[in-house]
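Trainee: Hi! I've just opened this one and could use a guided tour. Can we look at it together?

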Amino acid sequence: MATVPDGSFAEKDIYAAYHTSKVLAHRATQDFLRTRKPHFTITNIMPSFVVGKHELLTTPEDIISPRTTNSVALAPIFGEGLPFPFPGGTVHVDDVANVHIAALGPQSDGNEDFILTAGGIDGIQWNDAKEIVRKRFPAAVEKGLLPCRGSTETRAMKVDGGKAERVFGFKYKDFEEQIVSVMEQYLEAVEKSAQ
């Protein structure tokens, strides 16, 4: 059975606590399948950093809030420096939702794991968000709405998310589409807040 470590480290490192919770949940699922041998299957869908329009956030402050994974993608744009490198793996929220639905269909054999991450085996570079924004939203950059003055160091992450594409027959939205999705939502919220 999966063992739960002393949780005192969580007070010092919330990311370690978060990652540990995911590993323990996966181990518990595997233990359950092995020991209980249920009559049903379980599919583990394991997304990397989820980026994209967040329907529940409506103000500019909420959209760039550190409470969402979008904040990591937006740090290079809004000048926030992150204190340590982040793994270079992202997936669009739409792709996560679509795989959850597709996993209920006949393409999956069940009792499978699907890592969801776009960008191929080499992943993404967080600082590419600045170039994407400069290219796609030049007027907002010029006005200072999207200053593009931050930096986020990327930790290389050699993870292949291609199994989900092959099994479910889709192509991930790339990092540019992910960033554009959030920036469009942000700029729309800025416009509404100015009215």
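Trainee: Let's start with α5 and α8: is their crossing left-handed or right-handed?

Mentor: α5 and α8 make a right-handed crossing. Keep in mind as we go that this is a predicted model.

Trainee: Noted! At what angle do those two pack, and how far apart are their axes?

Mentor: The angle between α5 and helix α8, which covers residues 175-193, is about 65 degrees, and their axes are 10 Å apart.

Trainee: Which residues meet there?

Mentor: From α5 you have D128, A129, I132, V133, K135 and R136. They meet F175, E176, I179, V180 and M183 of α8. Sorted by class, that contact of α5 with α8 holds 7 nonpolar and 4 charged residues, with no polar ones.

Trainee: And what about α3 with α5, how do they pack?

Mentor: Helix α3 spans residues 70-78 and helix α5 spans residues 128-136; they pack at about 65 degrees, with axes 8 Å apart. Angles of 65 to 115 degrees count as roughly perpendicular, so α3 and α5 are roughly perpendicular to each other. α3 passes α5 in a right-handed crossing.

Trainee: Who touches whom in that one?

Mentor: A73, P76 and I77 are the α3 residues, and they meet A129, K130 and V133 in α5. By class, the contact of α3 with α5 has 5 nonpolar residues, 1 charged and no polar.

Trainee: What about α3 and α8, how do their axes cross?

Mentor: The axes of α3 and α8 cross at roughly 75 degrees and come within 11 Å. That makes α3 roughly perpendicular to α8. The contact involves N70, A73, L74, I77 and F78 on the α3 side, and I179, V182, M183 and Y186 on the α8 side. Its residues divide into 8 nonpolar and 1 polar, with no charged ones.

Trainee: Let me zoom out. How many helices and strands does the protein have?

Mentor: There are 8 helices and 6 strands. Starting at the N terminus, the order of elements is α-β-β-α-α-β-β-α-β-α-α-β-α-α. The C-alpha trace spans about 60 × 40 × 35 Å along its principal axes.

Trainee: One last thing: where is M157 found?

Mentor: M157 is in the loop between β6 (154-155) and α7 (162-168).

Trainee: And what does M157 touch, leaving out residues up to four places away in sequence?

Mentor: M157 touches S48, P87, G88, G89, T117, I121 and D122.

Trainee: Nice link! How far is M157 from I124, going by C-alpha atoms?

Mentor: The C-alpha atoms of M157 and I124 are separated by 8.8 Å, while along the chain these residues are 33 residues apart.

Note on methods. Residues numbered from 1 in each chain as written. Predicted model: local features only at pLDDT ≥ 70, side-chain atom pairs only at ≥ 80, totals over all residues. Heavy atoms only, no water. Axes fitted to C-alpha atoms, helices over the stretch in contact; angles between N-to-C directions. Helix = DSSP H or I, 4+ residues; strand = E, 2+ residues; numbered from the N terminus. Parallel < 35°, antiparallel > 145°, perpendicular 65-115°, else oblique. Left-handed = near helix turned anticlockwise from the far one by under 90°. Contact = heavy atoms within 4.5 Å. Nonpolar A, V, L, I, M, F, W, Y, C, P; charged D, E, K, R; others polar.
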